[in-house]
Amino acid sequence: MSFQDPEQENVALLRAARQIIGEIETVIAEAQAATRPLEVDPWRERLFGCFVDAYRRGLIPDEAEAAAFEDFEEDDPELRLNADTLCRLLARRWGLDMAAREAQAMQTRLPADQLERMRLLWSVMRMWMEWSYAWRRWSELQGGSDAGETPSTEDFDSADDSD
């Protein structure tokens with residue numbers, strides 16, 4: 001059990017969240033440069049590693065408790081990495097949010113490079129939502145009696161070995 005100051009814990013979580021977002025951004029950029037989909041390895045595996053890291057650090061909120069359209073900033077001490085928040089933050093970093101608004105206002109298309117990044121974000125969002133759902137349903141799928149039980153590190157490692 002940690003007896004750390006709550007403010008220090010928030011700072012550590014915020015630092016971890018930024019690190020995870022940075023790694024996800026790197027994976028996306030590498031997949032884009034290789035003109036490969038994020039749904040194939042090694043990118044899918046690396047993204048899933050980011051998801052597991054975020055989950056282990058307590059950064060994945062229970063979707064039932066998360067507000068549908070919470071609009072966190074990267075420096076918000078309450079930042080949690082659900083699919084919507086993650087993609088909104090990356091869209092802001094890349095200027096996609098402003099580009100989409102401008103394209104809509106001017107009734108034009110997004111430039112090809114921005115459209116490709118938008119598609120990559122949609123892929124990340126879909127995978128992140130699927131993993132979040134599966135993680136919450138783990139015990140039910142395993143025949144467990146504790147509805148709140150989620151996979152442990154050992155469960156993840158053994159599931160990874162079965163491939």
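The axes themselves are lines fitted to C-alpha atoms, for helices over the stretch in contact, and the angles run from 0 to 180 degrees between N-to-C directions. The structure is a predicted model, in which local features need pLDDT of at least 70 and side-chain atom pairs count only at pLDDT 80 or more, while totals for chains, interfaces and linings use all residues. Residues are numbered from 1 along each chain as its sequence is written, and side-chain values use heavy atoms, with hydrogens and water left out.

The protein contains seven helices and zero strands, where helices (H or I, at least four residues) and strands (E, at least two) are DSSP runs numbered from the N terminus. Of its 163 residues, 31% count as buried, a term that means under 20% relative accessible area, with exposed meaning over 50% and partly exposed lying in between (1.4 Å probe, protein chains only). Contact means heavy atoms within 4.5 Å, and among the contacts with a separation of 6 or more, 57% are accounted for by residues 24 or more positions apart.

Buried along helix 5 are Q114, M118, L120, L121, S123, V124, M127, W128, W131, S132 and W135. An α-helix has 3.6 residues a turn, so residues three or four places apart point the same way.

The contact is made by L96, A99 and A100 of helix 4 with Q114, R117, M118 and L121 of helix 5. Their crossing is left-handed, a label given if the near helix is turned anticlockwise from the far one by less than a right angle, and right-handed being the label if it is turned clockwise.

Helix 3 packs on helix 5 at about 160°, with the axes 9 Å apart, so that the two are roughly antiparallel to each other, and the crossing is right-handed. Here A83, D84, L86, C87, L90, A91 and W94 of helix 3 meet R117, L121, V124, M125, W128 and M129 of helix 5.

Helix 2 has 14 residues and reaches 20 Å from its first C-alpha to its last, close to the 20 Å expected at 1.5 Å a residue. Its axis comes within 11 Å of that of helix 5 and crosses it at roughly 50°, and helix 2 and helix 5 are therefore oblique to each other, in a right-handed crossing. From helix 2, R44, L47, F48, C50, F51, V52, A54 and Y55 meet V124, M127, W128, W131, S132 and W135 of helix 5. The buried residues of helix 2 are W43, L47, F48, C50, F51, V52 and A54, and just after this helix G58 takes a positive phi of about 80°.

A nonpolar core is a set of buried Ala, Val, Leu, Ile, Met, Phe, Trp, Tyr and Cys residues joined through side-chain atoms within 4.5 Å. The largest one has 41 residues, and those with the most contacts inside it are I24, I28, L38, L81 and W128. The elements that give two or more residues to this core are helix 1 (6-33), helix 2 (43-56), helix 3 (83-94), helix 4 (96-106) and helix 5, with helix 1 giving the most, 10 residues. Leaving aside neighbours within four places in sequence, I28 is in contact with L38, L90, W94, L120, L121 and V124.

Q32, also in helix 1, counts as partly exposed at 22% relative accessibility. Not counting residues up to four places away in sequence, Q32 touches D113, E116, R117 and L120; Q32 and R117 are 85 residues apart in sequence but 7.9 Å apart in space, C-alpha to C-alpha.

The loop between helix 1 and helix 2 holds T35, which has a positive phi of about 50° although it is not a glycine, and which is exposed, with a relative accessible area of 69%. P42 is found in that loop too, and the peptide bond from D41 to P42 is cis, with omega near 15°.

Notes
The expected span of a helix is 1.5 Å times one less than its number of residues. Angles under 35 degrees count as roughly parallel, over 145 as roughly antiparallel, 65 to 115 as roughly perpendicular and the rest as oblique.
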